Amino acid sequence: RGVPPVEIATAMDGLGVYAHQSNPVARLTLGQIKAIYQADVTNWKELGGRDAEIILYSRENNSGTYVFFKDEVLQKEDFAPSCQTLPGTASVINAVSKDPNAIGYGGIGYSSGVKVLAVATNDSTGYFEPTEANVASGKYPLARYLYWYTAGEPTGDVKKLVDWVLGPEGQKVITEVGYYPLPKKADTTASAKHDG
């Protein structure tokens, strides 16, 4: 359209790592998650769990969630061939909730019926769950902004919609659907991690 795109942070999300509710494993480091999704670790007993094969679920590769996970967890490397891709986080949640040996990931707004694991950047950092406070503070290592993009600075009705989403009513709706409102003084620039 002859104008540069404008990136507008509208909400925050903690990318949850999910296991079946009966799984005794409660926390993982980013390195362990990477090893799982690259099939370097294939049995839950290697992580303090049951003697059972880990079943991998992922989003499809046309998803921003998939791209974020691949960039931040797998460091742009490939998923294991055994990883099953599903069309949407709701499908991942459904699969993990029915399979005691499963692991999956997705936006925190979908986490009902599964165990959300605490995640640490590495062994020397603390483990954090993707709560609103941990996401907003940056303590949770898989926190991200969710963005809208407009062709140039928004004007007219598009500006009204953007202003509404960024205002109290829009941020309340974001909370109601399971994501987190923007922190009061957030760094919402393109340099922050985001849903590519």
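1. Helices (H or I, at least four residues) and strands (E, at least two) are DSSP runs, numbered from the N terminus.

2. A word on the model before going on. This is a predicted model, in which local features need pLDDT of at least 70 and side-chain atom pairs count only at pLDDT 80 or more, while totals for chains, interfaces and linings use all residues. Residues are numbered from 1 along each chain as its sequence is written, and side-chain values use heavy atoms, with hydrogens and water left out.

3. Back to the partners of β3. Strand β4 (residues 84-86) runs parallel to β3 and is joined to it by three bridges. Strand β5 (residues 102-107) also pairs with β3 in the parallel sense, over two bridges, and there Ile-55 has Ala-102 as its bridge partner. Two strands count as paired if DSSP finds at least two bridges between them.

4. How enclosed is β3? Five of the five residues of this strand (residues 55-59) are buried, so β3 is largely enclosed by the rest of the structure. Buried means under 20% relative accessible area, exposed over 50%, and partly exposed in between (1.4 Å probe, protein chains only). In a regular strand, side chains alternate between the two faces of the sheet. In β3 both faces are covered, with Ile-55, Tyr-57 and Arg-59 buried on one side and Leu-56 and Ser-58 buried on the other.

5. Helix α3 (residues 89-98) is worth a look next. Its residues Thr-89, Val-92, Ile-93, Ala-95 and Val-96 are buried. They lie on the same side of α3, because they cover an arc of only 165° around the axis; the arc is that of the directions from the helix axis to the C-beta atoms. These buried residues pack against β1, β3, β4 and β5. Ala-90 also lies in α3, but is partly exposed at a relative accessible area of 48%.

6. Now for the nonpolar cores. A nonpolar core is a set of buried Ala, Val, Leu, Ile, Met, Phe, Trp, Tyr and Cys residues joined through side-chain atoms within 4.5 Å. The largest one has 39 residues, and Ile-33, Ile-36, Tyr-37, Phe-69 and Ile-103 have the most contacts inside it. At least two residues of this core come from each of β1, α1 (30-37), α2, β5 and β8. A second, separate core of 10 residues includes Tyr-18, Leu-86, Val-92 and Ala-102.

7. Leaving aside neighbours within four places in sequence, Ile-103 is in contact (heavy atoms within 4.5 Å) with residues including Val-17, Leu-28, Trp-44, Ile-54 and Val-96. Its contacts also include Ile-55, Leu-56 and Tyr-57.

8. On charge pairs, the whole structure contains seven salt bridges, each a side-chain nitrogen of Lys or Arg within 4 Å of a carboxyl oxygen of Asp or Glu. In one of them, Asp-13 meets Arg-144, with the closest N and O atoms 2.8 Å apart. This pair links distant parts of the chain, since Asp-13 sits in strand β1 (residues 5-19) and Arg-144 in strand β8 (residues 143-151), 131 residues apart. Asp-13 is buried at a relative accessible area of 0%, and Arg-144 is buried at 3%. Another salt bridge joins Asp-51 and Lys-45 (3.9 Å, N to O); here Asp-51 is exposed, at 58%.

9. Lys-172 is exposed at 53% relative accessible area, and Glu-176 is exposed at 55%. Both are on the face turned away from the buried side of α6, along with the exposed Pro-168 and Glu-169. Gly-170, Gln-171 and Ile-174 are buried in α6. An arc of only 95° around the axis puts them on the same side of α6, and their cover includes β1 and α5 (156-166). Just after α6, Gly-178 takes a positive phi of about 105°.
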